[in-house]
Amino acid sequence: MFPLARPRRLRASDGARRLVRETHLTPADFVQPLFVLPGKNERRPVRSMPGVFQISVDVAVKEARELRRLGVPAVILFGVPATKDATGSDAADPDGIVQRAARAIKNACPDLVVVTDLCLCEYTDHGHCGVLKGTGRAAVIDNDATLDLLGRIARVQADAGADWVAPSGMMDGAVGVIRRALDDAGRADTAILAYAAKYASAFYGPFRDAAQSAPSFGDRRSHQMDAANAREALREVALDIKEGADMVMVKPALSYLDIVRRVRDRFDVPVAAYNVSGEYAMVQAAAQKGWIDGDRVTEEILLSIKRAGADVILTYHAREMARRLA
Ligand code: PBG
């Protein structure tokens with residue numbers, strides 16, 4: 001007879017549990033998303049994301065300082081421009097809202113990594129991730145015309161100080177075109193964090209509130225991935241790496257932890273996971289009602305994403321979690 005196995009021995013005390021803990025969260029795991037809008041001293045609450053605000057550049061600079069102090073190494077910037085049009089001009093304007101924010105943040109905190117979301121949906125009046133061809137509701141995204149624009153926006157973002165650009169529109173060929181545009185502009189040092197496996201997800205609902213970027217007709221299923229597919233995600237990741245992605249992202253995180261794990265096991269570039277707006281909103285809502293312990297659930301969620309293999313976690317919980325880890 002073997003002695004009865006007693007794994008509980010190692011769970012008997014807090015000290016023992018800490019010693020055998022396999023995964024540790026640190027503030028250095030996180031990227032804090034910021035929604036930036038024009039104006040001064042603006043801090044507008046996002047209705048569906050308690051604790052998240054649309055902020056003006058001056059407030060974003062203060063946020064950046066605070067995050068840096070807490071040990072959070074990076075922010076990702078999303079723009080809420082004053083005006084939107086068919087081609088999302090603000091995105092490619094050197095004086096556009098995200099460019100102004102990137103410049104100001106790099107000025108104040110040169111060692112903070114500034115990531116810029118690189119997509120058109122926040123800037124187009126129709127809310128789609130690219131320029132359209134065709135008319136009315138029959139219009140579709142023109143992939144290759146969009147690529148030219150993405151290359152231009154990448155340069156403008158890099159010129160404004162972005163350390164990493166993060167193409168999030170799931171356009172075919174985007175990473176390659178952006179890499180070439182950056183290199184041609186003398187921006188070989190700007191890295192690309194590719195939203196490589198981005199699913200067409202209902203979990204983005206609150207983000208579209210925050211960025212005012214819901215499509216005015218149709219949806220994003222012709223470019224974002226089908227939730228049912230895993231092998232396809234591996235093909236998407238392989239393509240983006242081949243085109244020059246320095247890091248790849250899986251998004252959302254929680255319903256796709258299997259994808260995070262498979263990407264981690266198959267590829268050797270750093271893997272990011274985006275703990276998206278709907279995932280955040282669910283926690284905040286249930287916690288506000290007193291139905292769950294928000295702090296503990298948050299920690300468990302972030303641990304699960306790291307345990308699944310993510311090296312980098314984009315999360316609206318970043319500031320709060322970093323504060324707790326301090
Ligand atoms: C697109 C973009 C989206 C998110 C990040 N970048 C929205 C979308 O695809 O509709 C979603 C992030 C979140 O839900 O937190 N620019």
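Predicted model: local features only at pLDDT ≥ 70, side-chain atom pairs only at ≥ 80, totals over all residues.
1. Ligand surroundings. The ligand has 19 residues around it, and the closest are K198, R208, K251, S277 and Y316. Taken alone, the ligand exposes 410 Å², of which the protein buries 100%. The reader who inspects the site may wish to start from the residues named here, among them K198 and Y316.

2. Polar atoms facing the ligand. Which side chains place an N or O atom beside the ligand? E122 has an N or O atom in its side chain at 3.0 Å from a nitrogen atom of the ligand. For K198, a polar side-chain atom lies 2.8 Å from an oxygen atom of the ligand. Q224 has an N or O atom in its side chain at 2.8 Å from an oxygen atom of the ligand.

3. The setting of Q224. Q224 belongs to the loop between helix 7 (205–210) and helix 8 (231–243). Is Q224 buried or exposed? Its relative accessibility is 5%, and Q224 therefore counts as buried, the limit being under 20%. With neighbours within four places in sequence left aside, Q224 is in contact with M170, K198, Y199, A200, S201, Y204 and R208.

4. Salt bridges in general. How many salt bridges does a search of the whole structure find? The search finds 19. Side chains of opposite charge can pair when their charged atoms come close.

5. R323 and E66. The side chains of these two residues form a salt bridge, with an N to O distance of 3.0 Å. R323 is in helix 12 (residues 318–325) and E66 is in helix 2 (residues 57–70), so that the pair links distant parts of the chain, 257 residues apart. R323 counts as partly exposed at 45% relative accessibility, and E66 is also partly exposed, at 22%.

6. D159 and R187. A salt bridge joins the side chains of D159 and R187, at 2.9 Å from N to O. This pair too links distant parts of the chain: D159 is in helix 5 (residues 143–159), while R187 is in the loop between helix 6 (174–184) and strand 9 (191–198), 28 residues apart. R187 is partly exposed, with a relative accessible area of 30%.

7. R264 and D311. The side chains of R264 and D311 meet in a salt bridge with an N to O distance of 2.5 Å. Because R264 lies in helix 9 (residues 257–266) and D311 in the loop between helix 11 (294–307) and strand 12 (312–315), the pair ties together parts that are 47 residues apart in sequence. R264 counts as buried, at 18% relative accessibility, whereas D311 counts as partly exposed, at 36%.

8. A network of charges. R43, E63 and R319 are linked in a network of salt bridges.

9. Helix 4. The 12 residues of helix 4 (residues 97–108) should span 16 Å at 1.5 Å a residue, and the end C-alpha atoms are 17 Å apart, which agrees. The buried residues of this helix are I97, V98, Q99, A101, A102, I105 and K106. Which elements cover them? The cover includes strand 1 (30–36), helix 2, strand 4 (74–79), helix 3 (89–92), strand 5 (113–118) and helix 5.

10. A cis peptide bond. Most residues other than glycine have a negative phi, and most peptide bonds are trans. The bond from K251 to P252 is cis, with omega near -10°. P252 is found in the loop between strand 10 (247–251) and helix 9.

11. N41 is not a glycine, yet its phi is positive, at about 55°. N41 lies in the loop between strand 1 and strand 2 (43–45) and is exposed, with a relative accessible area of 60%. M170, likewise a residue other than glycine, has a positive phi near 55°. The place of M170 is the loop between strand 8 (164–167) and helix 6, and M170 counts as buried at 11% relative accessibility.

Notes
Residues numbered from 1 in each chain as written. Heavy atoms only, no water. Salt bridge = Lys/Arg side-chain N within 4 Å of Asp/Glu carboxyl O. Helix = DSSP H or I, 4+ residues; strand = E, 2+ residues; numbered from the N terminus. Buried < 20%, exposed > 50% of the residue type's maximum accessible area, 1.4 Å probe, protein only. Expected span 1.5 Å × (residues − 1). Contact = heavy atoms within 4.5 Å. Near = heavy atom within 4 Å. Polar contact = N/O pair within 3.5 Å; in protein donor to acceptor, adjacent residues only side chain to side chain. Areas by Shrake-Rupley, 256 points an atom, 1.4 Å probe, with all protein chains shown as cover.
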